[in-house]
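Open the structure in your viewer and keep the selection tool ready. The stops below say what to pick and what is found there.

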Amino acid sequence: MSEAAQTLEGWYALHDFRMIDWTAWRLADEAERQKATDELQQFLKEWGAISEARTGSTVVFSIVGQKADLMFMHLRETLEELNELEVAFNKTSFASYTYSVYSYVSVVELSNYLAGSGGDPMQNPEVVARLKPTLPNAKHVCFYPMNKRRSGNDNWYMLSMDERKAMMRSHGMIGRTYAGKVKQIITGSVGFDNWEWGVTLFADDALQFKKLVYEMRFDEVSARYGEFGDFYVGNQLDEQKWTKLLSV
Ligand code: VOV
């Protein structure tokens with residue numbers, strides 16, 4: 001049996017993808033729309049306060065294309081908190097003008113493939129900051145779920161630790177050349193959702209997603225072992241953009 005990588009886990013993640021029911025929104029009268037908008041603002045404020053207090057982090061993006069209109073990404077300390085906030089939001093009148101199209105449950109994860117030896121990593125503030133990250137204030141997001149292949153001769157889980165380490169080193173080297181351009185948050189979802197990881201990328205220049213993902217396709221760990229689900233790409237929603245989005 002190959003040695004399993006050791007992983008460190010941080011905040012739990014919920015990616016919540018919704019469509020806006022434009023027909024219902026347009027048919028609602030002004031007072032109803034105002035009530036829904038106020039409730040939405042209230043939640044955005046609460047989530048902002050949680051990010052400020054560093055007890056979690058939330059960002060909201062509008063998704064381009066027909067897979068979804070909105071993506072709410074929430075990081076919280078426990079699965080219970082994620083569930084509570086999901087239910088509370090679903091009870092708002094704003095949520096009644098939306099419907100769910102996809103969601104993803106995972107937990108922020110770091111592996112020991114490239115870890116230095118010695119010391120309790122949880123005592124290292126840099127490690128803790130990566131496990132419990134404040135989600136970046138970036139113009140664009142890209143999310144997709146992925147697996148490491150396990151079929152025939154291409155079985156990631158049958159490789160030795162050393163083989164996997166070497167490939168992850170090469171992966172990390174490519175990633176490092178995107179420092180300052182793309183920020184990645186890898187969330188583990190084995191046992192939580194249908195794929196093994198969620199990949200969430202943030203950038204101010206959306207083209208950098210394409211360049212990074214393309215370059216990684218030529219790297220062995222992605223070329224041979226990467227399997228990917230649907231890709232979602234979007235633009236950050238600030239207050240102004242929300243107002244514009246919801247005006248009919
Ligand atoms: C900004 C770019 C960037 C950088 C710097 C980066 C670096 C690193 C490092 C150093 C490590 C290993 C240690 C750890 O931190 O866990 C990882 C780990 C991981 N990555 Fe990565 N990755 C990036 C970016 C990046 C992308 C774009 C993808 C998607 C792959 C693609 O083809 O579309 C990805 C995937 C992953 C995954 C699924 C894991 C976990 C694999 C496992 O088997 O456990 N990743 N990654």
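**Stop 1: a pair on one helix**

Select Glu30 and Arg33, which sit three residues apart in helix α2 and are therefore separated by about one helical turn. This is a predicted model. Show the side chains: those of Glu30 and Arg33 form a salt bridge, with 3.0 Å from N to O. Side chains of opposite charge can pair when their charged atoms come close.

**Stop 2: bridges across the chain**

How many salt bridges does a search of the whole structure find? The search finds eight.

Select Glu77 and Lys132 next. Their side chains meet in a salt bridge at 3.2 Å, N to O. This pair links distant parts of the chain, 55 residues apart: Glu77 lies in the loop between β3 and α3, and Lys132 in the loop between α4 (125–131) and β5 (140–148). Glu77 is partly exposed, at 36% relative accessibility, and Lys132 is partly exposed too, with a relative accessible area of 29%.

Move on to Arg150 and Glu196, whose side chains also meet in a salt bridge, here at 3.8 Å from N to O. Again the pair joins distant parts of the chain: Arg150 is in strand β6 (residues 150–151) and Glu196 is in the loop between β8 (182–188) and β9 (197–203), 46 residues apart.

**Stop 3: the largest nonpolar core**

Select Phe89, Phe94 and Trp242. Of the 21 residues in the largest nonpolar core, these touch the most other members. To see where the core comes from, colour β1 (7–20), α2 (30–52), β3 (70–76), α3 (79–90) and α8 (239–246), each of which supplies at least two of its residues. Which element gives the most to this core? That is α2, with five residues.

Setting aside residues up to four places away in sequence, Phe94 touches Trp25, Ala36, Glu39, Leu40, Leu70, Phe89, Trp242 and Leu246. There is also a second, separate core of 19 residues; to find it, select Ile63, Ala68, Leu75 and Val141, which are among its members.

**Stop 4: a buried serine**

Select Ser57, in strand β2 (residues 56–63). Ser57 is buried, at 1% relative accessible area. With neighbours within four places in sequence left aside, the residues in contact with Ser57 are Trp11, Ile50, Ser51, Met73, His74, Leu75, Arg76, Pro133, Thr134 and Leu135.

**Stop 5: an exposed arginine**

From there, select Arg54, in the loop between α2 and β2. Arg54 counts as exposed, at 60% relative accessibility. What is its backbone doing? Most residues other than glycine have a negative phi. Arg54, although not a glycine, has a positive phi of about 60°.

**Stop 6: around the ligand**

Select the ligand and the residues around it. The ligand is surrounded by 24 residues, and the closest are Ser111, Tyr144, Lys148, His171 and Ser222.

- Ser111: a backbone N or O atom lies 2.8 Å from an oxygen atom of the ligand.
- Lys148: an N or O atom in the side chain is 2.8 Å from an oxygen atom of the ligand.
- His171: a polar side-chain atom lies 2.9 Å from a nitrogen atom of the ligand.

Then colour the shell by element. Two or more residues come from each of β4 (98–111), β5, α5 (161–176), β8, β9 and α6 (207–217). The most come from α5, which gives five residues. Finally, colour the shell by class: 15 of its residues are nonpolar, six are polar and three are charged.

Note on methods: Residues are numbered from 1 along each chain as its sequence is written. This is a predicted model: local features need pLDDT of at least 70, side-chain atom pairs count only at pLDDT 80 or more; totals for chains, interfaces and linings use all residues. Side-chain values use heavy atoms; hydrogens and water are left out. A nonpolar core is a set of buried Ala, Val, Leu, Ile, Met, Phe, Trp, Tyr and Cys residues joined through side-chain atoms within 4.5 Å. Buried means under 20% relative accessible area, exposed over 50%, partly exposed in between (1.4 Å probe, protein chains only). Helices (H or I, at least four residues) and strands (E, at least two) are DSSP runs, numbered from the N terminus. Contact means heavy atoms within 4.5 Å. A salt bridge is a side-chain nitrogen of Lys or Arg within 4 Å of a carboxyl oxygen of Asp or Glu. A residue is near a molecule or strand if one of its heavy atoms lies within 4 Å of it. A polar contact is a pair of N or O atoms within 3.5 Å; within protein, one must be able to donate a hydrogen and the other to accept it, and residues adjacent in sequence count only if both atoms are side-chain atoms. Ala, Val, Leu, Ile, Met, Phe, Trp, Tyr, Cys and Pro count as nonpolar, Asp, Glu, Lys and Arg as charged, and the others, Gly among them, as polar.
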